[in-house]
Amino acid sequence: MVPVRSVSVTPSSLTPSDLLWIIEHREERCTLCGNCTAVCPKGAIRLAHMRKRLPKLDVFSKKRGNEYQTFTGIRQETEQSKLCIGCGMCSMVCPNEAITPVAGTNENRTLFFENRKGEPMKRGGRRNATGPTLLDRIIFDRISMLTDPALDAGRHEFSVTTTLGRVLSPEEFLEKSVSGGWIPPTREIFPFVIGSMSFGALSPNMWLGLLQGVAYCNEVLGIPVVMCTGEGGCPPWVLRSRFLKYIILQIASGYFGWDEIIRAIPEMKCNPAAIEVKYGQGAKPGDGGLLMWHKVSKLIARLRGVPEGVDLPSPPVHQTLYSIEESVMKMLQTLSMAFEHKVPVYPKISASTSAKSVLNNLVRNPYAAGLMIDGIDGGTGAAYNVSMDATGHPIASCVRDCYLDLAKQGKQNEIPIFAAGGIGKNGNIAQNGMAMIMLGASGVHIGKYMMQAAAGCLGNEKNRCNVCNLGICPKGITSQNPKLYRRLDPDKVAERVAEVFMSINTEIKKIMAPLGRSQSLPIGMSDAIGIADKAAAERLQIKYTC
Amino acid sequence: MATTVVKGLNEKGERISSMEFEKLVRQAAASSSDLLLESYGQHNIGIRLQREDGLNITVKGPSGQRLGCMGMPGTTIVCEGSTSDDVGYLNIGAEIAILGDATNGACNAMANGKVFIGGSIGARGLTMTKWNPEHEKPELWVLGSTGDSFAEFNCGGIAVVCGIKPKNPDNILGYRPCVGMVGGTIYFRGKTDNSYPKTNAKVTQPNEAQWQWLTENIVGFLNKIRQPELLEMLTRRDEWQVLMPITPQERALMFAGPMPMAEFRNEHWNKEFGGDPLRDLAPGLDRSNIGVIVSGDLRRKKPYWANCESAAPCTYYCPVHIPTVDRLRLIREGRIEEAYQLILRYTPLPASVCGAVCPNLCVENCSRMGVDTAIDAQLLGQAVNIFEPPQVAESTGKKVAIIGGGPAGMNVAWQLALSGIEAHIFEQDDKIGGKLAQVIPWERLSQAIWDREIARFLATPNIKVSCNVTMTKEKFAELHKEYDYIVIAVGTHTPRRLQFPGNEKVLAALDFLKKAKSPKPLPVGREVVVIGAGNVGCDVACEAYRLGAEKVTLVDIQKPLAFGKEKAAAEALGAQFRWPVLTKEVTDEGLITNTGELIAAQTVIISIGDVPALSFLPESVETVTVGGAAWISTDKAHITSDSKVLAVGDVERPGLATNALGAGKTAAEFIIAKSKGQEWKPFDKQVIPQKALTITHYIPMDTGTSEQDQADRCLSCASCRDCHLCETICPTGAISRQDILTSTHDDNRSLTTSYEYVSDDEKCIACGFCADTCPCGIWTMNAF
């Protein structure tokens, strides 16, 4: 029998200083209001009653004994399932700045135990790699100073849209125009697209808040922003609304929600912006969606056409496709035909050393409206940590290689490449996006940045929060629990979306104006960028600037 | 003074440069305050010209760019036609009247002075104006309209745009006026495209002061441009509007979008869907905004007062499940009599067993050990010795035969008797009590206490005892017919022996101890060896010393299992423990080990356990053979393969006296439940986890010597101690204590409380402080 007084330790016993996030609580400031323990998404903190022994240590007194003092404080759990995630909601609700999580400076012992029940660490977020990204280090160094008229971003009229869709060569275009042949559909869209985040990965309030903001950008601000649904389908009322034209519908290996989409086709008021066929994503190449049962609510189950409360892992590849050629034939043609060849259809792949082969294949296929490449720094709602941290390819050189390859064939204006994965990772959204565009992308997709900017996502690359997979998002962004997602006001999300795009719109102009350019995006204008890194400059074939 | 004329063409009729023209004008102004400039497109006319008595300049002919640039106070310029770009550029006080139009950049960076335009102006008028508080604000009056980008970064300039014969009647202020405007006022009359940035400027109606200023000053403007007849048309207040800058403070509170999001949602978003866009997928889904600190149904967890739903360690680990925690609570509540009644409902032998022979498993896991030392259970047991038995229930007419009057059989009888079932004990010996009576030395179990408890037992109605009954198959069959149930509680009374040479010289511990406790104990030698160093071996050693032995050695083939009081007593008397020792043979000299060593002894006693004697057992009762002996197999309710026959105590498997008492109680409860036609429910509470308790509320102290001391020290695990700490700590005042009505006739009254603590859902924010504070582990937070 183990004596009550004994302290048992197990191989995974941890002390607070072993943890990634350490709760600092200042007892003298604490008002014992209970807000912090009430809000904590992990149950990581509790009210602790502590007893202090004060021995009577007066050497001149013969009386011996102790006095005891009890006091309270907020203390953190060290049990793996309840570890602090550093979200900081406790500080947010503390009326007196008495509590805050701080990043542990010790080695992170908890990582050694993130494999209970033999299940490797899974999380949301993106690659936990901090510091400036390659894109952050690119500067726009071609400034027109009195040589050609510099433009004023605030006053001049700019056209900053990009083309999504296949652009025929002039000869071909003329020939088709004359013969009445099929001219592939294109869209003029804002080059920053809200990337695929599914209805399910995101809460209803987040997803609809984003779409409301996108609608506002289009209809009030005149910024033609589009967003991609992700693979969770699209609410039927949205499919039948005029807002569908701001939506890229994604079809992925899980095929969730496509019955509702097909059912809605005859009743659609307009065409969707495009169809994205997902073959891979940057955050977890080789993995499909990993929506876990916590998040498969009644609503999500209904929309996706699955039972409630089950795990929904999507296969890494489309089950009936065996090669690029077959995929392109089957899916691009089918989806193009489904919308009478009036909607651009393009594939999305994980950035990879093999991206060029895919692209070269698409060049030969008239149904391919573009290629979307998602790099290693892309975010996700749920992935194995090892996939997120160590699997994939950075986006910059991958897109650059593809673009230069197109340029070699003289096709760079015909098939747009969209880039994603870590755009705006450190907040430099327009700079990152424009650097990517000058490297050769026609536009970028931004997901994680939107969660952070539009809804206050607390996650970061020091593994803060990153519990999107568990459905306990303290901001209500990635939770399917109404008690959590009702914290998020869709109006406020929409406002932030509008603010973000107004601001990106201005920053694009601030970047383009010094180039003396106002009427077309500087796609592939790599003579305007430089980097103070010789190896990177050489690899990307841009200027080494120091 | 006469007007001085300066010509812009030289004698040859050629245009002179702006530099030369400016020199000539400056010379002329030095001597004349009235100049007529017949300019020919020269720039910067009137730049920094000033006379103390004032200077009037009339410009005839084409004027170049920047007319009146850097104009000084006191200088008046009248341009009789139209003028070019940047009229009034950097003006700091000149009054400039243009009877025709002005092109782009009028009044750029003007800080003081007035510019009157009799026509319209081009783009970027009134940009970058300044206002020095030492001076008047600069003014720009335009009879017609302005071009695009009007009043950008306007800081001090007052503009009046009258909208008479505008260049574009649909938009008299041009595209995007007021970008970056931070000061000044723009009065305008006529249509606009509303393209001013809503975060920089706002449109209002002129207020009283503004209207008064406008009507007072417009007369002068119209005179300057020589069109006084327009006064009536331009003084209709409802035709005028004013653009005012928005302060940074106001802007900080604004959403930057040109339409409030709520308006977009109501007028555009919701209308397109005709309702919530998820109403088909999730009818009635409420997605409205809530805060993060919530009460009621919006909480993710909620507190639950789980009083007495788990077992305290004392209750749980006691084989009889005696609720010591409740007894101590009753003592704290002053319900002393009920406290004793409660214990006697569990055991007829609290003083003899709990208070003497039992190793007190109850307190081996006592939570109080986290503070100092366990509750003194022995003290509590002894305290019950003088107390009278509880009231027995009315007779049910049922009767049960109990074979064997040891602790197991006694508790069967006691429980049945209290429930009104006749219990008839058939005992082989001449007294009841089994081994407690027969073999436990009086040193460990006081005879006075024992006799009193036996007397209390025998005096209890419904209990019949027949001693000296030898059970046989035939007798058993009779009982089987006669009684509703038979409970076999014969214990183990056949000593186990080993077959080594000389084993016939060895005494069995059971026989030795029985005799030792009788008036005629067996004699012992000076040196005694006991084979088997368990607790019974220790009792043997003690008795041997009492009966005259001088040296007792206990040998065992493994580390001795003896523990507790028995071992301590034997050691205190000088007993030696030796192990591992294998016995090779026993001779008259003593015990010879397998290594050939002789341990000298005149008396050798073997104490390696006893086995049941079951010759009376019918074939309907199945046994299992373990260690060469047959034991009766039973289920959880102690029922044998014969559903009318139960077996309890050592006859199932060897155990402590307390195990026997516990088995007896369980079996009796089964019989009682059956006889009442009720379902039998075994004890099934989970033990409360230590971490559920908050033990830091208690401070270390001495164990104490009274029941009251123990009651005070008890942590009251899983049983509310009514301390009000939860009520006190609750930050929202959600928890309150409420009385509940209980029936005074309820048998379980002692086990329940007359109050409960309740958390008000509407006040509770689910902080969990109650659960974190509760010393007893009653409050739990449940997800919901």
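Guide: What follows starts with the contact between the two chains and then goes through each chain in turn.

The model is a predicted one. In it, 48 residues of chain B are in contact with 54 residues of chain A. On the chain B side, two elements give two or more residues each: α4, residues 261-273, and α20, residues 769-773. Of the elements on that side, α4(B) gives the most, with eight residues. Sorted by class, the chain B residues that touch chain A come to 26 nonpolar, 14 polar and eight charged.

The chain that carries this side has 20 helices and 32 strands. Along its principal axes, the C-alpha trace of chain B spans about 165 × 65 × 45 Å. The radius of gyration of chain B is 56 Å, whereas a compact globule of 784 residues would have one near 28 Å.

Some local details of chain B can be picked out along the way. In the loop between β8 (158-161) and β9 (185-189) of chain B sits B:C178. This residue is not a glycine, yet B:C178 has a positive phi of about 70 degrees. Another loop, between β21 (576-578) and β22 (583-586) of chain B, holds B:P580. The peptide bond that leads from B:W579 to B:P580 is cis, and its omega is near -10 degrees.

Helix α15 of chain B covers residues 535-546 and helix α16 of chain B covers residues 564-573; their axes are 8 Å apart and the helices pack at an angle of about 35 degrees. The crossing in which α15(B) passes α16(B) is left-handed. On the α15(B) side, the contact is made by B:N535, B:C538, B:D539, B:A541, B:C542 and B:Y545, and on the α16(B) side by B:E566, B:K567, B:A569, B:A570 and B:L573. By class, the residues of this contact are seven nonpolar, one polar and three charged.

Now to the partner, chain A. Its secondary structure comes to 17 helices and 21 strands. The C-alpha atoms of chain A fill a box of roughly 110 × 60 × 40 Å along the principal axes. The radius of gyration of chain A is 26 Å, which agrees with the value near 24 Å that a compact globule of 546 residues would have. Chain A is divided into domain 1 (16-119) and domain 2 (153-379 + 396-457 + 492-515). The centres of these domains of chain A, taken over C-alpha atoms, are separated by 45 Å.

Helix pairs can be followed in chain A as well. One of them joins helix α9 (residues 324-338) and helix α10 (residues 355-363) of chain A, whose axes come within 10 Å and cross at roughly 45 degrees. Because of that angle, α9(A) is oblique to α10(A). The crossing of α9(A) past α10(A) is right-handed. From α9(A), the residues in the contact are A:I324, A:E325 and A:V328; from α10(A), they are A:V358, A:N361 and A:L362. The residues of this contact fall into four nonpolar, one polar and one charged.

Another pair in chain A is helix α13 (residues 429-439) with helix α16 (residues 490-512), and here the axes come within 9 Å and cross at roughly 55 degrees. The two helices α13(A) and α16(A) are therefore oblique to each other. In passing α16(A), α13(A) makes a right-handed crossing. The contact of α13(A) with α16(A) has six nonpolar residues, no polar ones and one charged.

To return to the part asked about: α4(B), with eight residues, gives the most to the side of chain B that touches chain A.

How values were computed. Residues are numbered from 1 along each chain as its sequence is written. Chains are lettered from A and ligands numbered from 1 in the order in which they are written. This is a predicted model: local features need pLDDT of at least 70, side-chain atom pairs count only at pLDDT 80 or more; totals for chains, interfaces and linings use all residues. Two residues are in contact if their C-beta atoms, placed from the backbone, lie within 7 Å. Helices (H or I, at least four residues) and strands (E, at least two) are DSSP runs, numbered from the N terminus. Ala, Val, Leu, Ile, Met, Phe, Trp, Tyr, Cys and Pro count as nonpolar, Asp, Glu, Lys and Arg as charged, and the others, Gly among them, as polar. Axes are lines fitted to C-alpha atoms, for helices over the stretch in contact, and angles run from 0 to 180 degrees between N-to-C directions. Angles under 35 degrees count as roughly parallel, over 145 as roughly antiparallel, 65 to 115 as roughly perpendicular and the rest as oblique. A crossing is left-handed if the near helix is turned anticlockwise from the far one by less than a right angle, and right-handed if clockwise. The radius of gyration is taken over C-alpha atoms; the globule rule is 2.2 Å times the number of residues to the power 0.38. Domain bounds come from an automatic or database domain assignment.
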